[in-house]
Amino acid sequence: MLTCQLVTAVDPHYTEDKSHVCLRALTTGIYGFQQMASDISHATSLTEADALAAMKAFVTFTRNALVNGRNVELEGLGLLRLCIGSRMTPAAVAGRKNFRLHSIIKDIRVAFLPSPSLKAFVKDNTKIVLKKGGPSPTLPKREGGLAQH
């Protein structure tokens, strides 16, 4: 079960009323390596120590694959890949003599692209409930009632 709460958010892309109401998922905690290794040991013939060692090796191999230019496909979950944020002027491209690769890299990110099967599983198996109590958001108003974006 996923608990959500209503929040008022501001989106600079809206031209009229920049605020809108949306749902924000509330997490109930972190499912970490220790708990996962324990769960794997109960579901398989691996010991908890073996499961933990395999998971740590998985992280090492995943990191190495990414920094060596490979996408990492996690069957049933999705794909991990690197994205590079960069900016370069047309003059810098034309005058390759002054081109310095590291000067145009703004950041390097790891992107996760969920698989269609993961998306479908989450959609079909997630029960969403609204958190009761707490402050209610101020709903943006327009002529005729609530704003619809």
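I take contact to mean heavy atoms within 4.5 Å, and I number helices (DSSP runs of H or I, at least four residues) and strands (runs of E, at least two) from the N terminus.

**Entry 1: what I am looking at**

I note at the outset that this is a predicted model, in which local features need pLDDT of at least 70 and side-chain atom pairs count only at pLDDT 80 or more, while totals for chains, interfaces and linings use all residues. Residues are numbered from 1 along each chain as its sequence is written, and side-chain values use heavy atoms, with hydrogens and water left out.

I looked up the elements and found five helices and eight strands in the protein, which follow one another along the sequence as β-β-α-α-β-β-α-α-β-α-β-β-β. Of the 149 residues, 18% are buried, where buried means under 20% relative accessible area, exposed over 50% and partly exposed in between, with a 1.4 Å probe and protein chains only. Among contacts with a separation of 6 or more, I read that 45% are between residues 24 or more positions apart.

**Entry 2: helices α1 and α2**

I followed helix α1 (residues 33–43) to where it packs with α2 at an angle of about 125°, the axes being 8 Å apart; axes here are lines fitted to C-alpha atoms, for helices over the stretch in contact, and angles run from 0 to 180 degrees between N-to-C directions. The two helices, α1 and α2, are therefore oblique to each other, since angles under 35 degrees count as roughly parallel, over 145 as roughly antiparallel, 65 to 115 as roughly perpendicular and the rest as oblique. On the α1 side the residues that meet α2 include Phe33, Met36 and Ile40, and on the α2 side Leu52, Met55 and Val59 are among their partners.

**Entry 3: the sheet β3-β4-β5**

I then traced an open sheet of three strands in the order β3-β4-β5, with antiparallel pairing; two strands pair if DSSP finds at least two bridges between them. Strands β3 (72–74) and β5 (105–114) stand at the edges with a single partner strand each, so one side of each has no neighbour in the sheet. Neighbouring strands of this sheet are turned against each other by 25° on average, direction ignored.

Strand β4 (residues 78–86) is joined to β5 by nine bridges, and I found Arg81 opposite Ala111 in β5. Helix α2 (residues 48–67) packs on this sheet and touches β3, β4 and β5, its direction making about 40° with that of β4.

**Entry 4: Ser115**

Where does Ser115 lie? I placed Ser115 in the loop between β5 and α5 (116–125), and with a relative accessible area of 13% Ser115 is buried. Its side chain is joined to that of Ser117 by a polar contact of 3.1 Å, a term for a pair of N or O atoms within 3.5 Å where, within protein, one must be able to donate a hydrogen and the other to accept it, and residues adjacent in sequence count only if both atoms are side-chain atoms. Leaving aside residues up to four places away in sequence, Ser115 touches Gly76, Leu77 and Gly78.

**Entry 5: the sheet β2-β1-β6**

I found another open sheet of three strands, in the order β2-β1-β6 and with mixed pairing. Its edge strands, β2 (19–26) and β6 (128–130), each pair on one side only. The twist averages 45° from one strand to the next.

Strand β1 (residues 2–10) runs parallel to β6 and is joined to β6 by three bridges, with Leu2 opposite Ile128 and Thr3 opposite Val129. With β2, strand β1 pairs in the antiparallel sense over eight bridges, and there I noted Cys22 as the bridge partner of Val7.
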